[in-house]
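Hi,

Here's the structure I promised to pass on to you. Have a look, and then read on for what turned up in it.

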Amino acid sequence: MQGKYKALWLDNQNNLVVLDQRFLPFEEKTVTLTNAQESIEAIKNMTVRGAGVIGNVAGFGVYLACRESGGELKKLTLLAKQIRESRPTAVNLMWAVDRMMKVARDSNAKGKALTELLLKEAIEICDEDCRRSQKIAEYGADIIEEIMRQKGLESFNILTHCNAGWLAIVDEGTALAPIYEAKRRGVDIHVWVDETRPRNQGANLTAWELSKADIKHTVIADNTGGHLMQNGMVDMVITGADRVARNGDSANKIGTYLKALSAKDNGIPFYIALPASTFDFEILDGVKEIPIEIRSEDEVKYMRGINRDGELEEFQIVQSKSPAINYGFDVTPARLITALITERGVCEANTEAISEMFEDLI
Ligand code: MRU
């Protein structure tokens, strides 16, 4: 496999090893996935998360499903359907399963030969993500440098929501890839990291990634961005996406929409970074049609962290008798998005521009 693949890799028996993201940043644990059911569970319980990595695990999940079914297409099809349904919003999951199953159906291979073919395809999906991430890094860093040139800035403040780095998509992510590239180019960059309640992917994962890369950052409570933008403390907002409709409406972690509104009100460029596999060209109107995952209310009512003695603990922050609701994502309308940063270049967030740039995929 190309790149560093820090979020997932193969062991010497070709099982899939993943970093258990539920315990970061406090503990670095891995989980070894040996069959379809374990892959499904890892996606559902968020051992792995982030649109790209979910797609990668789904791809390997189909290979593992093939291995456990002895390459029997009927059994494989049933397991692949379950993998496809493990989470509803990030379209990379469905995209990866469909691509793997097309290879399975189009091939004459059976048994071990089919398993090997699917292993190769799952690795190829990762390798492609790696190449896409590198292109997104370059196009995004060009934008950062251009804004700095236009505004005569010596340093750059960028705000991001959730985690769209290498824990979310191999090899350097989508929204974080341009930040890593800008740092390599010598830009003096500082990142405002939204904590991203309820699961805290920003506070737990993005901050961890950035500190490992020695990138200046500050974690902020989710409601802080508007104030920072109003006071000239943000030069650009960049997030990833879980599904982008043909009209440019973009689903991402809950709270992204509010950041986009605030950016618009303050004249701050708001970019979404994504690989082509995150487009859902069948969806014409993202706000109306993108399915939004509703997760357990416990994720709102309980928090996990370490106590002052360094022990991991889960504690309740809402009284038991109050109900909570946990929408995992929201959709930012295209009109609030300055542009989409893709591996093919920077694309306006509208049907015409998307249809032109991705004509061959529609
Ligand atoms: O619920 P999660 O952690 O899987 O949500 C992830 C996000 O919303 C990311 O921002 C998104 O996947 C973009 S990164 C490829």
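This is a predicted model: local features need pLDDT of at least 70, side-chain atom pairs count only at pLDDT 80 or more; totals for chains, interfaces and linings use all residues.

The side chain of Gln201 has an N or O atom 2.8 Å from an oxygen atom of the ligand, a polar contact (a pair of N or O atoms within 3.5 Å; within protein, one must be able to donate a hydrogen and the other to accept it, and residues adjacent in sequence count only if both atoms are side-chain atoms). Asp242 also has a polar side-chain atom 2.8 Å from a ligand oxygen, while for Gly50 a backbone N or O atom lies 2.9 Å from one.

Residues are numbered from 1 along each chain as its sequence is written, and side-chain values use heavy atoms, with hydrogens and water left out.

So what surrounds the ligand? There are 18 residues around it, and Arg49, Arg87, Asp242, Asn252 and Lys253 come nearest (near means a heavy atom within 4 Å). By class, that shell has seven nonpolar, seven polar and four charged residues (Asp, Glu, Lys and Arg count as charged; Ala, Val, Leu, Ile, Met, Phe, Trp, Tyr, Cys and Pro as nonpolar; the others, Gly among them, as polar). The ligand lies between domain 1 (8-128) and domain 2 (135-361), because both give residues to the shell; the bounds come from an automatic or database domain assignment.

The peptide bond from Leu24 to Pro25 is cis, with omega near 5°, and Pro25 lies in the loop between strands S2 (16-19) and S3 (30-33). Strands (E, at least two residues) and helices (H or I, at least four) are DSSP runs, numbered from the N terminus. Val170 and Asp171 are also joined by a cis peptide bond, with omega about 10°. Asp171 is in the loop between strand S4 (155-160) and helix H6 (177-184). Cys162 lies in the loop between S4 and H6 too, and its phi is positive, near 65°, in a residue other than glycine.

Cheers
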